[in-house]
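This report goes through one protein model, beginning with a single residue and its surroundings before turning to the chain as a whole.

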Amino acid sequence: MQRTPLAEVHRQEGGKMVDFAGWEMPIEYTGIKAEHLAVRNDCGLFDLSHMGEIEVKGPKAFDYIQGLITNDLSKCADGQCQYSTMCNEQGHVLDDLITYRFNKERFILVVNASNREKIWAYMSSKVSDDRSGQKVWEGLELKDLSLDTALIAIQGPNAQKKLQPHVKVDLEAIKYYHFAMDDQWMLVSRTGYTGDDGFEVYLPNAEAEKFWKALRADGVPPIGLGARDTLRLESGYSLYGHEIDEQTTPLEAGLAWVTKLDKAAFVGKQALVEQKAAGVPRTVVGLLMEGRAIPREGYPVLRDGKVVGRVTSGTYSPSLSKGIALASVESTCRPEGTVLQVDVRGRGENAKVVRPPFVAGSVRRN
């Protein structure tokens, strides 16, 4: 397993370490529920250094990325971030990612740890024509920054207050899904995966432990991957390998909002245009359990006794004290209020289709 620059710190703090996408990561420290509520009510600290960062530079960097992602990069200004997916020719999702735009000639793409090597190989293959070997994107530079870069997130309604003394940039001036540069190649963005307000800080590996310990000294508790998952699920955020994968199109995953079929050609566009015209057969919906049962990944979802889908992510919501889930179901089941059943160990438990987020966090939309 690979280790982040904070792996030993996690062990010292009692983190329960597990294998996550080939990385040794803390799943919890004091308990998933306690850590979850700490973020919702105050703020918490996450080590996300396993994530991948790929830099793209050159005169044609914008056009190159625009042809690979489903979102419209022209709507992303300098100093802004944009969520998107990257698809293959069949329109199936290779990864979901965030693009950081410095200017038209420099970008950083943040990709999932489990997909980093795949996306690096895929992006590299698109620089040259596969048949002739001729370089299509003259002057384009790709650089994998992942193993030299630490990523620390602080999330929760009090995140700005806790982080401000440790950075020189004015955090109040950073809008949602925007970023600013701090000293020592420190990039600070108002982004996150919890549904609460917060920031993600990119910095060199050598600076990670000092930065982490300074925030810990100010009373910010460490949060493991377990609570990160329950927080993202309460917020209705998709997770690669669950709601999205290489057998799923972004239209089927409820990500039409980042799939701009009216922009110029991009990889997978034709397949997605055809699917939309024919009718998207399935979609992802939120399910709120009516009883006490807890839905889990892979459980069948039924309507009037017929299987219409499956749970892609399910958990007990610490904020709602109820079972919640995201599920891939037939598109006819999409209307809010539709009552479905989740097969929980052979017993059909009623669940109502709701529009995520399940919990309105403190995330700032401006």
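This is a predicted model: local features need pLDDT of at least 70, side-chain atom pairs count only at pLDDT 80 or more; totals for chains, interfaces and linings use all residues.

When neighbours within four places in sequence are set aside, the residues in contact with S238 are D96, Y193, R232, E243, I244, A253 and L255. One of these contacts, R232, is itself among the buried residues of α7.

## The helix α7

Helix α7 is mostly covered, with 9 of its 10 residues buried. The buried residues are L225, G226, A227, R228, T230, L231, R232, L233 and E234, a list that includes the charged side chains of R228, R232 and E234.

The elements that cover these buried residues include the helix α2 (32-41), together with the strands β2 (16-20), β3 (23-28), β4 (44-47), β16 (306-317) and β17 (322-330). After α7 comes G236, a residue whose phi is positive, near 75°.

## The chain as a whole

The secondary structure of the protein chain comes to 8 helices and 19 strands. Its radius of gyration is 21 Å, close to the 21 Å that the globule rule gives for 366 residues, so the chain is as compact as a globular protein of that length. Along the principal axes, the C-alpha atoms fill a box of roughly 60 × 55 × 40 Å.

Of the 366 residues in the protein chain, 54% are buried. Among contacts with a separation of 6 or more, 65% are between residues 24 or more positions apart.

## Surface and charge

The protein chain exposes about 15800 Å², and carbon and sulfur atoms supply 49% of this area. The chain carries 45 positive and 49 negative side chains, and the centres of the two sets lie 4 Å apart.

## Cysteines

A disulfide is a covalent bond between the sulfur atoms of two cysteines. With a cut-off of 2.5 Å between the sulfur atoms, the count for this model comes to 0 disulfides. For C81, the closest cysteine sulfur is that of C76, which at 6.9 Å is too far for a bond.

C81 is buried, with a relative accessible area of 3%, and C333 likewise counts as buried, at 0% relative accessibility.

Methods: Residues are numbered from 1 along each chain as its sequence is written. Side-chain values use heavy atoms; hydrogens and water are left out. Helices (H or I, at least four residues) and strands (E, at least two) are DSSP runs, numbered from the N terminus. The radius of gyration is taken over C-alpha atoms; the globule rule is 2.2 Å times the number of residues to the power 0.38. Buried means under 20% relative accessible area, exposed over 50%, partly exposed in between (1.4 Å probe, protein chains only). Contact means heavy atoms within 4.5 Å. Accessible areas come from the Shrake-Rupley method with a 1.4 Å probe; for residues, only the protein chains shown count as cover. The place of a charge is taken as NZ of Lys, CZ of Arg, CG of Asp or CD of Glu.
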